[in-house]
Amino acid sequence: MSQVVPEHLQKTARGEEVTLLEAISEGLYEEMVSDDRVFLMGEDIGVYGGAFKVTRGFLEAFGDRRVIDTPIAEGGFTGAAAGAAHMGLRPVVEMQFMDFISPAYDVLTNYIATSLYRGAGPMPMVIRGPVGGGNRGGPFHSQNIEMAFFHTPGLKIVYPSTAYDAKGLIKAAIRDDNPVIFEEHKGLYRAPALREVLPAEDYIVPLGEARTVLEGEDLTIVTYGAMVHKSVEAARTLEGDGVGVEVIDLRTLLPLDEDAIVESVKRTGRLLVVHEDTRTGGIAGEIAIRVSERAFEWLDAPMLRVTAIDAPVPYSGSLEDYFLPQVDDVVKAVRYLAAY
Amino acid sequence: MAENLSPGLDRDQLLELYRALCLTRAAEERLELLQKQGHMTGGLYRSLGQEAGAVGAAFALRRRTDGTGDFLAPTVRAVGALFLFGGDLVDFFRQYMARATGPTKGREANVHWVDYQKGFVGPVSPLGTMLEVMAGITLSFNLRGEDRVGMVFYGDGASSTGAWHEGLNFAAVQRCPLILMVEANQWAFSSPTVKNTRLESFTEKAPGYGIAAESVDGTDVLAVYEAVARAAARARSGEGAQMVELRYFRRLGHAQHDSQDYVDPALIAEWAARDPLELFHTRMLDRGWAPEGELLAIRQEVEQECEVAAEQAIAEPMPFGPDAVDDVYTDVSMPHPWTRAEISDSRSA
């Protein structure tokens with residue numbers, strides 16, 4: 001059906017820079033072209049092109065059988081995606097905001113995540129949508145939802161921080177035979193600093209592999225999503241202090257790239273985990289125990305974390321800025337650890 | 001004793017209805033101005049064309065300020081109902097501008113606030129939830145033998161959620177004195193009604209729950225009032241949950257950022273000709289219920305009120321950032337980030 005690629009999805013083909021959002025759109029589009037089992041479901045994704053316009057032009061390109069505007073029923077259409085996956089299709093489901101994934105919690109954790117183990121077969125599907133704060137969205141349009149699902153074996157969780165990774169990871173997620181929750185930070189969607197020229201040829205970024213963003217000898221920051229950029233900014237600030245900071249972007253949270261973390265910490269001897277999600281039950285706890293299990297003898301300082309406060313996401317700018325981890329927090333934490 | 005001019009209403013009541021319509025319109029128009037001036041924090045939602053549904057419905061309930069009256073759960077497009085239930089105009093602006101002085105101390109947005117004495121509880125963004133919550137609030141009226149009814153507003157889109165079904169079915173089975181106001185404005189964000197139901201009218205769902213339902217012209221404030229008064233009487237007399245469908249049209253986008261280019265402009269124009277405020281204005285004049293000068297004076301008055309209220313809210317402070325750690329629990333404060341502990345180098349805090 002799709003014959004003429006919409007103008008706005010040809011930027012990479014033309015050698016132009018794309019935003020993280022455009023990278024995801026291109027990835028989705030390419031997978032739909034190359035695999036007719038892939039189809040989309042979600043609220044306002046067709047005519048409107050999605051609340052953030054990730055699927056703009058898709059309805060015209062692929063028709064309403066492959067780009068389905070659903071009723072407002074996150075539980076219902078996620079369950080329907082499971083049924084379609086049983087029948088060999090590869091659904092990609094959009095949550096308009098990931099905060100609204102909670103009605104689908106039941107089917108995701110009880111049905112979808114257990115399917116393979118129960119002998120009901122693999123569940124090739126992607127649940128994607130915007131997450132994250134900093135946009136004055138208040139408690140219901142700002143959450144990070146990874147840890148609600150991190151405890152569920154059978155799910156994969158992906159959270160890209162760059163346009164390159166976003167495109168490569170969405171394509172890998174669609175080709176993966178397991179259910180993948182794919183988080184897209186809305187503050188990164190159109191961030192000018194993240195625009196980049198992507199390879200013209202088909203590529204994926206394999207799930208489960210972290211990436212070293214910055215190399216350093218003195219301290220390892222393990223982070224993901226929007227906090228990658230705050231951590232890098234902090235590391236640049238600290239160059240003058242002579243502190244060599246290594247920044248590792250997890251990219252995939254589940255399964256966790258434990259080897260990459262352990263290998264780095266063994267070299268630097270110091271670990272700081274930075275995540276935008278709230279503190280208690282955040283991924284920092286899991287990472288710290290794994291490092292303790294495998295690299296305790298190499299540590300020269302306590303493992304610490306910089307995170308959001310344990311609270312709902314507040315609406316007002318002054319509260320939200322205090323709630324969220326900031327570059328200054330990372331700088332202070334690194335200085336503390338470097339001097340330890 | 002005042003003469004009854006229209007369905008059981010005297011002249012003062014008709015003027016109060018008129019005033020509530022004008023206030024809704026003026027308050028939302030003031031929001032647009034505040035946004036242009038850069039005072040707003042988040043999204044802006046309009047109820048243009050839907051004002052009479054909210055106003056007429058709330059007017060049919062017992063509105064008190066001592067915690068004994070009927071109870072409301074509005075949507076962001078039922079602002080008129082919130083005002084009639086005593087929702088304060090300055091609070092309304094404080095909420096949209098995320099001021100520390102607002103009822104949620106800047107933690108939540110727009111109509112998402114509560115006042116249990118006045119009898120309202122604001123919505124949350126996930127749809128359908130408030131139907132469940134209002135089932136419980138009205139269940140409490142039954143359990144305590146209180147002569148009170150509840151009213152919950154939800155639009156086309158919410159009707160597709162599991163929560164909507166579960167809440168409504170619970171209220172029906174338990175004979176809760178709850179009135180569900182279906183804001184059938186024909187859109188759920190960009191999705192037309194047909195994307196959320198195969199039915200012509202949401203009232204067709206009511207038999208599936210064993211409850212009574214009425215459908216009413218949502219642009220006609222008196223028709224809404226009458227229909228809801230009947231539904232409230234049924235709910236009060238022990239007949240349990242009720243549904244009233246408001247038929248009208250969302251004349252602006254889902255929110256201010258939505259240019260609504262997926263809607264046929266001719267359709268918008270058609271509904272603009274049925275503007276609820278102008279319809280009632282004309283009726284007031286035609287029936288001789290009030291002279292035009294009096295009506296125009298009311299409009300000026302509410303515009304002035306909005307200006308004063310908005311200016312007051314603008315002058316008030318934003319929240320103090322570190323207050324973000326409070327009120328997560330009744331009895332425990334969350335720790336401040338250890339990297340900001342100027343008074344302590346403790347990592348545990």
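Phe189(B) counts as buried, because its relative accessibility is 8%, and this residue belongs to a predicted model rather than to an experimental one. The place of Phe189(B) is in the loop between β6 and β7 of chain B, and its backbone has a phi near 55 degrees, a positive value in a residue that is not glycine.

Since Trp187(B) lies in strand β6 (residues 187–188) of chain B, while Tyr262(B) lies in the loop between β9 (242–247) and α9 (265–272) of chain B, the pair ties together parts that are 75 residues apart in sequence. Trp187(B) and Tyr262(B) are both buried.

Trp187(B) is also among the residues touched by Thr193(B), whose contacts, leaving aside residues up to four places away in sequence, are Asp156(B), Gln186(B), Trp187(B) and Phe202(B). Thr193(B) itself is found in the loop between β7 (191–192) and α7 (206–209) of chain B, and it counts as buried because its relative accessible area of 19% falls under the 20% limit.

Over all chains, the structure holds 23 aromatic pairs. One of them is formed by Tyr164(A) and Tyr203(A), which are stacked with 4.3 Å from centre to centre and 15 degrees between the planes. This pair links distant parts of the chain, 39 residues apart, with Tyr164(A) in helix α6 (residues 163–175) of chain A and Tyr203(A) in the loop between β8 (196–197) and β9 (211–214) of chain A. Tyr164(A) is partly exposed at 31% relative accessibility, whereas Tyr203(A) is buried, with a relative accessible area of 8%.

| Charged residue | Ring | Distance to ring centre |
|---|---|---|
| Arg118(A) | Tyr111(A) | 4.7 Å |
| Lys266(A) | Trp298(A) | 4.3 Å |

Turning to the sheet of chain A, seven strands form an open sheet of mixed pairing in the order β3-β2-β4-β5-β7-β6-β12. Its edge strands are β3 (67–69) and β12 of chain A, each of which pairs on one side only, and neighbouring strands of the sheet are turned by 20 degrees against each other on average, with direction ignored. Helix α3 (residues 74–86) of chain A packs on this sheet, where it touches β2 (38–42), β4 (90–94) and β5 of chain A, and its direction makes about 170 degrees with that of β4(A). Helix α6(A) lies across β2, β4, β5, β6, β7 (179–185) and β12 of chain A, running at about 160 degrees to β7(A).

Pro255(A) is placed in the loop between β12 (252–254) and α9 (258–268) of chain A.

A further backbone feature concerns Arg136(A), which has a positive phi near 60 degrees although it is not glycine. Arg136(A) lies in the loop between β5 (125–131) and α5 (146–150) of chain A, and at 23% relative accessibility it counts as partly exposed.

Definitions and conventions: Residues are numbered from 1 along each chain as its sequence is written. Chains are lettered from A and ligands numbered from 1 in the order in which they are written. This is a predicted model: local features need pLDDT of at least 70, side-chain atom pairs count only at pLDDT 80 or more; totals for chains, interfaces and linings use all residues. Side-chain values use heavy atoms; hydrogens and water are left out. Rings of Phe, Tyr and Trp (its six-membered ring) pair if their centres lie within 6.5 Å; planes under 30 degrees apart count as stacked, over 60 as edge-to-face and the rest as tilted. Helices (H or I, at least four residues) and strands (E, at least two) are DSSP runs, numbered from the N terminus. Buried means under 20% relative accessible area, exposed over 50%, partly exposed in between (1.4 Å probe, protein chains only). A charge sits over a ring if NZ of Lys or CZ of Arg is within 6 Å of the ring centre and within 35 degrees of the ring normal. Contact means heavy atoms within 4.5 Å. Two strands pair if DSSP finds at least two bridges between them. Axes are lines fitted to C-alpha atoms, for helices over the stretch in contact, and angles run from 0 to 180 degrees between N-to-C directions.
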